[in-house]
Amino acid sequence: MLERHFSDRNWIINQKTGFMVASSLSYTNKRTKKKVTNDYILKEVLKAEKKIAERGVKVTTGRVIAEQTLGFWNSFYEKHHYALLAGVPCRIFKKLSSGYGREEINDIIMQVRELRNRINHNEPICFVNRKCDFSYVKDMYTIISNFLT
């Protein structure tokens with residue numbers, strides 16, 4: 001979808017001078033009077049490119065995309081980036097029920113990130129009060145299945 005939106009197969013590399021640095025991503029902190037830039041996506045792309053180059057392989061769009069985290073993809077559903085992309089990220093999910101918009105998709109991605117983080121940090125996902133309880137895992141399975149189908 002973003003490839004089509006930008007008419008560019010290499011959008012993730014070429015947009016480092018486009019939407020990733022748009023002036024609307026910068027604001028002045030009212031308390032500190034310092035300029036703040038919300039350039040998370042740009043930083044993640046640059047970090048991925050550096051990581052790929054350090055491996056001694058050619059930096060390609062496919063490799064940069066493959067290096068991205070759930071946090072990177074989640075950031076497309078934050079208000080500032082979503083507005084810059086004219087709602088394109090929601091069109092990726094063609095079969096979502098009506099009523100699913102940016103906030104609902106962002107919430108689901110955050111829930112998936114939380115599950116992934118709990119698993120990654122060896123936290124229990126199927127025990128409640130020392131008893132085996134699969135309700136959380138079953139609920140997450142349902143959420144993910146409904147989201148992706």
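Asn 122 sits in the loop between H7 and strand E3, which covers residues 127-128. In this predicted model, Asn 122 has a phi near 55°, a positive value in a residue other than glycine. Most residues other than glycine have a negative phi. Is Asn 122 buried or exposed? Asn 122 is exposed, with a relative accessible area of 70%.

Ala 86 is another residue to look at for its backbone. Ala 86 is not a glycine, yet its phi is positive, at about 55°. You can find Ala 86 in the loop between helix H6, residues 79-84, and H7.

Now let us step back to the whole chain. The protein has eight helices and four strands. Read from the N terminus on, these elements follow the order α-α-β-β-α-α-α-α-α-β-β-α. Along the principal axes, the C-alpha atoms fill a box of roughly 50 × 40 × 40 Å. Of the 149 residues in the protein, 31% are buried. Taking contacts between residues at least 6 apart in sequence, 52% join residues at least 24 apart.

The largest nonpolar core holds 26 residues, and the members that touch the most others are Ile 12, Phe 19, Phe 76, Tyr 77 and Ile 105. Two or more residues each come from helix H1 (2-6), helix H2 (11-14), helix H3 (40-54) and helix H7 (102-120). Which element gives the largest share of this core? That is H3, with five residues.

Setting aside residues up to four places away in sequence, Tyr 77 touches Tyr 82, Pro 89, Cys 90, Ile 92 and Phe 93, along with Arg 102, Ile 105, Asn 106 and Ile 109. Ile 105, one of these partners, is also among the core members with the most contacts to other members.

Helix H8 spans residues 135-148, and it packs against H7 at an angle of about 135°, with the two axes 11 Å apart. That angle makes H7 oblique to H8. The crossing of the two helices is left-handed.

A few individual residues round out the tour. Glu 44 lies in helix H3. Where does the chain surround Glu 44, and which residues is it in contact with? Leaving aside neighbours within four places in sequence, Glu 44 is in contact with Gln 68, Thr 69 and Phe 72. Glu 44 counts as buried because its relative accessible area is 12%, under the 20% limit.

Gln 15 is found in the loop between H2 and strand E1, residues 26-28. Beyond residues up to four places away in sequence, Gln 15 touches Phe 6 and Met 20. Ser 26 belongs to strand E1 itself. Here are the accessibility values of these residues together with that of Asn 122.

| Residue | Relative accessible area | Class |
|---|---|---|
| Glu 44 | 12% | buried |
| Gln 15 | 14% | buried |
| Ser 26 | 23% | partly exposed |
| Asn 122 | 70% | exposed |

Gln 15 and Val 45 are 30 residues apart along the chain, and their C-alpha atoms are separated by 9.8 Å. For Ser 26 and His 80, 54 residues apart along the chain, the C-alpha separation is 9.9 Å.

Methods. Residues are numbered from 1 along each chain as its sequence is written. This is a predicted model: local features need pLDDT of at least 70, side-chain atom pairs count only at pLDDT 80 or more; totals for chains, interfaces and linings use all residues. Side-chain values use heavy atoms; hydrogens and water are left out. A nonpolar core is a set of buried Ala, Val, Leu, Ile, Met, Phe, Trp, Tyr and Cys residues joined through side-chain atoms within 4.5 Å. Buried means under 20% relative accessible area, exposed over 50%, partly exposed in between (1.4 Å probe, protein chains only). Contact means heavy atoms within 4.5 Å. Axes are lines fitted to C-alpha atoms, for helices over the stretch in contact, and angles run from 0 to 180 degrees between N-to-C directions. Angles under 35 degrees count as roughly parallel, over 145 as roughly antiparallel, 65 to 115 as roughly perpendicular and the rest as oblique. A crossing is left-handed if the near helix is turned anticlockwise from the far one by less than a right angle, and right-handed if clockwise.
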